[in-house]
Amino acid sequence: MLPVYRTVKQMSEIKIEINKSLFIAYASPAENEAAAGSFIGEIKKRHREASHNCSAYVIGRRAEQQKADDDGEPCGTAGRPILEVINKSGVKNTVIVVTRYFGGVKLGAGGLIRAYTQAAAAGLEAAVIVEKQLHTRLAIEVDYALLGTLENQLRLNHYPIETKEYTAVVKLTALAPKGQEDKLSQLVADCTSAQAIVRETGAIYLEVMPEI
């Protein structure tokens, strides 16, 4: 699993006019191909009267699944340019749909490629790009008397608490960035005098804003 990857935070929409045709670009996160297909279907339904609803997506932390659809435009003039915009941006788990309402002026193959590239790039520009960072889940069991100190240290050291359960002891799930598992385990041991039980229970991606 990649330690970090970039994606769009939520759906974006932008409209631009190119040679009298209206282009509406949508960018959206998609965790899998089914989600990407569902989003494309929603946009096609919303714009069923449009001339074309062209799309592309890149799925997988290493871009394992990729697909482009010209939706009736000349082969390679719409879906492929959209896909290239996604790949050049470096985002993953992202789908873009560009809807076109024909305005009466034919663009030709070169013009279509430039138009769909411009629209897709505008769609990504309108989106909020975030980083998803891989974190390890650490299950912690601690006595009630030590809970306050532990929570305070986790907060001060920026380790999020995902879950908390009150039983005979308190059971917490804390999250450590990949590679910091030992550091978090040592922190727990230090602030509880090694009286807490710590074990790794899995992994999750958390959203962080990319550095400018």
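**Cysteines, sheet and helix packing in the predicted model**

Cys-54 takes part in no disulfide, and the nearest cysteine sulfur, that of Cys-75, lies 12 Å away. Cys-75 is likewise in no disulfide, the nearest cysteine sulfur being that of Cys-54. Relative accessible area was calculated with a 1.4 Å probe on protein chains only, under 20% being termed buried, over 50% exposed and values in between partly exposed. Cys-54 is buried, with a relative accessible area of 0%, whereas Cys-75 is exposed at 77%.

Because the model is predicted, local features require pLDDT of at least 70 and side-chain atom pairs count only at pLDDT 80 or more, while totals for chains, interfaces and linings use all residues. Residues are numbered from 1 along each chain as its sequence is written, and side-chain values use heavy atoms, with hydrogens and water left out.

Secondary-structure elements are DSSP runs numbered from the N terminus, with helices (H or I) of at least four residues and strands (E) of at least two. Strands are taken as paired if DSSP finds at least two bridges between them. An open sheet is formed by 5 strands in the order E2-E3-E6-E4-E5, with antiparallel pairing. Its edge strands are E2 (12–18) and E5, each of which pairs on one side only. From one strand to the next the twist averages 15 degrees, where axes are lines fitted to C-alpha atoms (for helices, over the stretch in contact) and angles run from 0 to 180 degrees between N-to-C directions.

Helix H3 (residues 108–126) lies across E2, E3, E4 and E6, running at about 150 degrees to E2.

Strands E4 (residues 52–59) and E5 (residues 65–69) pair in the antiparallel sense over 5 bridges. Tyr-57 has Lys-67 in E5 as its bridge partner. The hairpin of these strands has 5 residues between them, and Gly-60 within the hairpin takes a positive phi near 105 degrees.

In helix H2 (residues 79–89), the buried residues are Gly-79, Pro-81, Ile-82, Leu-83, Val-85 and Ile-86. Their cover includes E4, E5, E6 and H3. Just after H2, Gly-90 takes a positive phi of about 85 degrees. Arg-114 lies in H3 and is exposed, at 58% relative accessibility. The C-alpha atoms of Arg-114 and Pro-81 are separated by 8.0 Å, although the two residues are 33 apart along the chain.

The axes of helices H4 (residues 144–156) and H5 (residues 181–191) come within 9 Å and cross at roughly 145 degrees. The crossing is right-handed, a term applied where the near helix is turned clockwise from the far one by less than a right angle (left-handed if anticlockwise). On H4 the contact is made by Thr-149, Leu-150, Gln-153 and Leu-154, and on H5 by Leu-184, Leu-187, Val-188 and Cys-191. By class, this contact has 6 nonpolar, 2 polar and no charged residues, with Ala, Val, Leu, Ile, Met, Phe, Trp, Tyr, Cys and Pro counted as nonpolar, Asp, Glu, Lys and Arg as charged, and the others, Gly among them, as polar.

Technical notes. Contact means heavy atoms within 4.5 Å. A disulfide is a pair of cysteine sulfur atoms within 2.5 Å.
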